[in-house]
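Trainee: I would like to learn how to read a model like this one. Where do we start?

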2 protein chains.
Amino acid sequence: MGQNAVVMAVDIGGTTISAGIVGADGAVHAPRQVPTYARGKGEAVLENIVGALEGLRGEAPAGALVVGVGIGAPGNVDAAAGRIGEDIQNIPELKGLALGPLVAGRLGLPVVVDNDVNALALGEMAFGAARGARNFILICIGTGVGGGIVLNGRIVRGASGYGGEVGHMSVEPDGRPCFCGSRGCLKAYLSGPDLAAQACEALAAAPAARFLVLAGGDAAAIRAEHLFQAAREGDTAAQAIVDRAARILGTALGNLINGLNPELILLGGGVMGAADLLLEPARAWARRYSFASAFAAAKIGLASLDKHSGIKGAAALFFIERGGEVAMR
Amino acid sequence: MGQNAVVMAVDIGGTTISAGIVGADGAVHAPRQVPTYARGKGEAVLENIVGALEGLRGEAPAGALVVGVGIGAPGNVDAAAGRIGEDIQNIPELKGLALGPLVAGRLGLPVVVDNDVNALALGEMAFGAARGARNFILICIGTGVGGGIVLNGRIVRGASGYGGEVGHMSVEPDGRPCFCGSRGCLKAYLSGPDLAAQACEALAAAPAARFLVLAGGDAAAIRAEHLFQAAREGDTAAQAIVDRAARILGTALGNLINGLNPELILLGGGVMGAADLLLEPARAWARRYSFASAFAAAKIGLASLDKHSGIKGAAALFFIERGGEVAMR
């Protein structure tokens with residue numbers, strides 16, 4: 001692909017659509033954000049996505065050629081068909097939509113669509129902390145817990161676009177229930193809302209817990225940040241929740257290490273803002289729950305995500321999946 | 001590869017080395033077995049392997065061309081280097097041995113070496129129940145619990161040859177300890193010896209358990225088969241152990257379904273002789289521990305293993321990994 005090939009990239013979130021033009025070197029041009037529902041609900045969401053892309057048309061740097069469109073979207077995605085799956089929780093109007101073909105038809109450009117965390121994983125491979133890695137796993141821990149798995153240099157999509165959903169692997173069969181139908185998933189202990197929920201539940205036994213004070217005395221206002229701050233200040237109720245979350249994370253990492261033997265695991269997302277509390281304990285549990293040599297082969301570190309990671313990932317989707325075809329034109 | 005290309009195949013086990021010539025259609029010629037230690041311990045094991053292969057030299061069918069050697073071996077294997085790994089439990093003299101280059105040098109033929117269960121998985125893909133599958137998992141439950149994972153049509157080896165070791169994924173973090181260092185692994189509940197151990201332990205609370213009678217009254221003689229037979233006859237202590245094993249298996253299947261979204265999971269090995277007791281309960285637990293659509297995409301069935309599966313798998317290793325090169329000669 002020529003040095004001046006660029007991709008129009010969109011990252012679709014539940015509240016915000018981010019868009020921009022991304023070069024093969026990862027440079028971001030004309031980044032912008034619009035509210036997902038800026039034009040209203042229903043079909044207006046599709047118009048909003050197309051509008052964001054059309055707004056980028058004149059913004060390519062001088063001499064650059066727009067070769068295609070990359071789109072990251074929540075939930076499971078049928079990347080081969082460019083179709084949004086059935087398990088998209090936060091933007092129901094996109095459910096089952098053939099987004100790729102629709103956008104391609106409107107813009108007259110080839111389009112690649114995939115799950116947003118798969119896009120982030122490919123972004124890490126193309127432009128970030130996973131450059132050169134052939135076997136790595138990205139886990140994004142925020143409002144939900146998403147994952148992207150690259151093995152033999154290729155993203156794992158599986159039979160119907162669920163590949164990489166490591167946030168919904170159970171390590172406590174009798175543990176906390178999860179919306180996915182399972183129990184004891186990573187997500188049920190590690191996501192921001194689940195951390196806050198565990199803090200609320202702990203108030204029964206620890207009514208004077210520090211995180212309640214930090215939340216202004218309002219249990220409904222407790223967020224993961226309050227829990228983490230309380231743990232840093234030595235609050236034992238907070239520490240117990242954080243320790244359990246780190247153990248769950250580490251056990252899951254051990255399982256991934258034994259099952260898939262990655263050379264690299266990257267952890268990112270808002271909850272990893274508490275890497276000071278989570279990373280070392282999770283590493284220690286992962287060591288305990290894996291073969292010594294498989295553990296030794298696996299670097300566990302932080303993702304290199306920044307505010308443009310969503311669109312860089314969406315662009316990486318196109319560059320990695322279609323780069324070869326474009327280069328041959 | 002020509003129709004008359006054949007591979008000399010060896011499956012190395014802790015007690016027996018199986019060898020034979022295998023055609024591209026999976027037909028097995030001149031199968032034979034020798035005890036692993038027939039020529040003694042130490043370097044004699046390598047001589048025994050080479051001897052088994054040399055004995056096959058004149059056995060290729062008329063008109064067939066021997067294009068290479070495929071070897072399946074226990075433990076983790078560095079397939080790129082043809083080197084046996086550090087975690088081979090049962091044949092210590094092979095630990096760290098560059099078996100591929102050594103055999104290639106002795107026989108003057110290209111050699112592919114991989115983990116025996118990876119070989120079985122590729123055998124299922126080339127000749128068995130996984131023909132046409134691009135994303136599937138084989139789990140072999142016997143003396144140990146091994147696995148082979150094929151994603152995007154390629155076997156998952158990982159960074160250092162542990163890829164596919166699904167038998168050592170933990171689903172009970174406080175569960176039974178395992179030799180791998182972890183706790184609550186599949187292996188710790190499902191392997192034949194672990195099933196027998198759980199039966200022994202249950203005698204404390206159920207001294208009249210039926211499996212003790214079936215074992216001739218000798219606790220040390222209890223085998224998994226006695227446990228399964230007792231469960232079939234309605235023994236509650238036996239049923240509790242079998243039910244728990246099925247739940248552990250099903251939870252692990254659910255995790256694999258959510259994480260990797262395979263189209264097919266094949267279960268094989270001696271313990272699956274009790275498929276009548278294990279398969280449906282494991283399926284039901286897997287359904288409970290996975291996304292409904294990901295579960296719906298995953299067929300869970302029995303492997304098509306037979307007495308020649310080891311050598312067919314070893315041959316598939318060569319045909320799949322090197323077939324392209326051979327065809328171009």
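Mentor: We will take the sheet, a helix, the domains and the pair of chains in turn. Keep in mind that this is a predicted model.

Trainee: In what order do the strands of the open sheet in chain A come?

Mentor: General idea first. Strands of a sheet pair through backbone hydrogen bonds, either parallel or antiparallel. Now the case here. In chain A, 5 strands form an open sheet, and their order is 10-9-8-11-12. The pairing is mixed.

Trainee: Which strands of chain A stand at the edges?

Mentor: Strand 10 (154-155) and strand 12 (299-302) of chain A do. Each has a single partner strand, so one side of each is left without a neighbour in the sheet.

Trainee: In which sense do strand 8 and strand 11 of chain A pair, parallel or antiparallel?

Mentor: Strand 8 (residues 136-141) and strand 11 (residues 264-268) of chain A pair in the parallel sense, over 5 bridges. Pick out one residue: Cys140(A) stands opposite Gly268(A), which is in strand 11 of chain A.

Trainee: Which helix packs on this sheet in chain A?

Mentor: Helix 3 (residues 116-127) of chain A. It touches strand 8, strand 9 (145-151), strand 10 and strand 11 of chain A. The direction of helix 3 makes about 50° with that of strand 9 of chain A.

Trainee: Let us zoom in. Is Leu122(A) buried or exposed?

Mentor: Count its neighbours. A residue is buried if 20 or more other C-beta atoms lie within 10 Å of its own. Leu122(A) has 31 C-beta neighbours inside 10 Å, so Leu122(A) counts as buried. Leu122(A) lies in helix 3 of chain A.

Trainee: What does Leu122(A) touch, not counting residues up to four places away in sequence?

Mentor: Leu122(A) touches Ile155(A), Gly313(A), Ala316(A), Leu317(A) and Ile320(A). Now compare sequence with space. Leu122(A) and Gly153(A) are 31 residues apart in sequence, and their C-alpha atoms are 9.8 Å apart in space.

Trainee: Next, helix 7 of chain A. Which of its residues are buried?

Mentor: Start with the general rule. An α-helix has 3.6 residues a turn, so residues three or four places apart point the same way. In helix 7 (residues 224-232) of chain A, the buried residues are Ala224(A), His226(A), Leu227(A), Phe228(A), Ala230(A) and Ala231(A).

Trainee: Against which helices do the buried residues of helix 7 of chain A pack?

Mentor: They pack against helix 5 (192-202), helix 6 (210-214), helix 8 and helix 9 (275-288) of chain A. Look at what comes after the helix too. Gly234(A) follows helix 7 of chain A, and its phi is positive, near 95°.

Trainee: Which domains does the assignment give for chain A?

Mentor: The domain assignment gives domain 1 (5-126 + 307-328) and domain 2 (132-302). The C-alpha centres of these domains of chain A lie 28 Å apart. Their contact takes 13 residues from domain 1 and 14 residues from domain 2 of chain A.

Trainee: Which elements give two or more residues to the side of domain 1 of chain A that touches domain 2 of chain A?

Mentor: Strand 5 (77-78) and helix 3 of chain A. Helix 3 of chain A gives the largest share of that side, 7 residues. By class, the side of domain 1 of chain A that touches domain 2 has 7 nonpolar, 4 polar and 2 charged residues.

Trainee: Last, the two chains. What rotation superposes chain A on chain B?

Mentor: Two copies of a chain are related by a rotation about an axis and a shift along it. Here the rotation is 180°, with 0.0 Å of shift along its axis, and the RMSD is 0.0 Å. The two copies are thus related as by a two-fold rotation axis.

Trainee: Which residue of chain A comes closest to the rotation axis?

Mentor: Val171(A), at 2.4 Å by its C-alpha. The same surface serves both copies: 100% of the contact residues of chain A recur in chain B.

Trainee: How many residues does the contact take from chain A and from chain B?

Mentor: It takes 41 residues from chain A and 41 residues from chain B. On the side of chain A that touches chain B, helix 8 (236-260) and helix 10 (292-297) of chain A are the elements that give two or more residues. Helix 8 of chain A provides the largest share, 7 residues. The residues of that side of chain A divide into 16 nonpolar, 17 polar and 8 charged.

Technical notes. Residues numbered from 1 in each chain as written. Chains lettered and ligands numbered in written order. Predicted model: local features only at pLDDT ≥ 70, side-chain atom pairs only at ≥ 80, totals over all residues. Pairing = 2+ DSSP bridges. Helix = DSSP H or I, 4+ residues; strand = E, 2+ residues; numbered from the N terminus. Contact = placed C-beta atoms within 7 Å. Axes fitted to C-alpha atoms, helices over the stretch in contact; angles between N-to-C directions. Least-squares fit on C-alpha atoms with pLDDT ≥ 70 in both. Nonpolar A, V, L, I, M, F, W, Y, C, P; charged D, E, K, R; others polar. Domains from an automatic or database assignment. Buried ≥ 20, exposed ≤ 12 C-beta atoms within 10 Å, placed from the backbone.
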